[in-house]
Amino acid sequence: MRSSGVLMHISSLPSPYGIGTLGKEARKFIDFLVKAGQSYWQVLPICPTSYGDSPYQSFSSFAGNPYFIDLDLLCKEKLLTKKECQSFQWGKDISKVDYGILHENRYPLLHKAFDRFQKKIPEDYKAFCKEQEDWLEDYALFMALKDIYQGAAWSEWETDIKLRRADALQKVKEELTEEIDFWKMLQYLFYKQWASLKSYANEKGIRMIGDVPIYVAMDSVDVWANPSQFYLDENLVPIDVAGCPPDAFSEDGQLWGNPLFRWDIMKKDEYCWWTKRIEKISKLFDVVRIDHFRGFDSYYAIPFGDKTAKNGVWREGPGIALFRTIEKKLGKLNIIAEDLGFLTDSVRKMLADSGYPGMKVIQFAFDTREDGDYLPHNYTRNSVVYAGTHDNDTILGWLKTAPKTCVAFAKEYLKLDKEKEEYNWGVMRGIWSSVSDTAIVTMQDLLGIGSKGRMNTPSTLGGNWSWRMEPNAIDYKLIKRIWNQTELYGRLQKKSE
């Protein structure tokens, strides 16, 4: 069934408090999607961000980002006052997230909410903590310890705590009861607001697409609480780490630095950790995009301590067995496989065997260093096509910075003509008109924003993940234009869905 949607992260929504949240503006965005005939809202990982502000490097795979808790909703619940929310600085530029200011000011404000929360604890709070106990207890303790150790990585904590010796953990749990409860409260508030927002979206016929990074951060509760699941030595130091090999785009490759999974151990317990992870995200979203899908077929392992990815080697991953085990345990799920990058025959077979739709990115179609798989005439119906993802420049930014031969090819192939339509609309037309069942465009491309709207430049630090849509950027003219294109190419939301 043909459909379309928009990719925009929660953080990019307008808000007077420095970052997008799960409140009124999120509902307004859902209303916009409905009026524009869309079926999907895709977001990036909603987990807490850590150093570098990337949603793909989180302190937890299961927790929600406390920054996304809507402050106005807390005011309605009398946990905060408007005056308190406005008394903090949230950044001077409404088009950017200032993560430094957020980190400095959000938690002192949320502690005010915690003081009031403790005086009148909601009836369903205890049940929430019990339901989420399998990850919440470790997460809340981890974050409380983070504060005690002034943000230091868990690998630098005292040995007894680092190694999770029972007596030491019990002692700090008793000492940090209040701090642990604070972090539990934040997750209660996040999950409550998320459930309300998702319910609103589903009632309007909008399905939410979420994102699961393949790897987790070394400095995360995932690794601290489950070290045997990761490729670490006896001192809990990574042996090899994740990344991508050198290619035409990067002569040094990409050194991500994430710890690798012990797939042999995971296989023995029937991929319990992964099953729990996918189960959790599938309850939060209607569709799940699994990042770096090819890494499950074979993955690139780089010696820990190397400065580049040049010395890495390929190793065999779990393959289709992982996904068959997950399906056996959880049933058939709606999954999108991010199968971008260098694909081997075995990766293609794994994708075909899974039945999941793969991804197409039209920006890649006109790069002479790629093969022709990304050209629309080669698409299959069982795929999700994007103009670009969070790792790409915007369409207008790409057209300015890409090699001239690539731009000339794109203009010829897509019949781009500035006299008839803006270039960003011409490229989006290319994906909407394709045979792919689902087409997703970024909000930046719909607004016609150049490179300043780019969400992330891979392998760079600073300035990423900060773009925000300005208030009132969406008007009737834009809604009507999107709706017309969506109707023209048979992608209008089906009201029965």
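Guide: The protein exposes about 22,300 Å², of which carbon and sulfur atoms supply 51%; accessible areas come from the Shrake-Rupley method with a 1.4 Å probe, and for residues only the protein chains shown count as cover. This is a predicted model, in which local features need pLDDT of at least 70 and side-chain atom pairs count only at pLDDT 80 or more, while totals for chains, interfaces and linings use all residues. Residues are numbered from 1 along each chain as its sequence is written, and side-chain values use heavy atoms, with hydrogens and water left out.

Visitor: What share of the 497 residues counts as buried?

Guide: Buried means under 20% relative accessible area, exposed over 50%, and partly exposed in between (1.4 Å probe, protein chains only); here 56% of the 497 residues count as buried.

Visitor: How is a pair of aromatic rings described?

Guide: One gives the distance of the centres and the angle of the planes. Rings of Phe, Tyr and Trp (its six-membered ring) pair if their centres lie within 6.5 Å, and planes under 30 degrees apart count as stacked, over 60 as edge-to-face and the rest as tilted. By this rule the count comes to 51 aromatic pairs. The ring centres of phenylalanine 142 and tryptophan 224 lie 5.8 Å apart with their planes at 45 degrees, so this pair is tilted.

Visitor: Are phenylalanine 142 and tryptophan 224 buried or exposed?

Guide: Both phenylalanine 142 and tryptophan 224 are buried. Phenylalanine 366 and tryptophan 398 also form a tilted pair, with 6.3 Å from centre to centre and 40 degrees between the planes, and both of these residues are buried.
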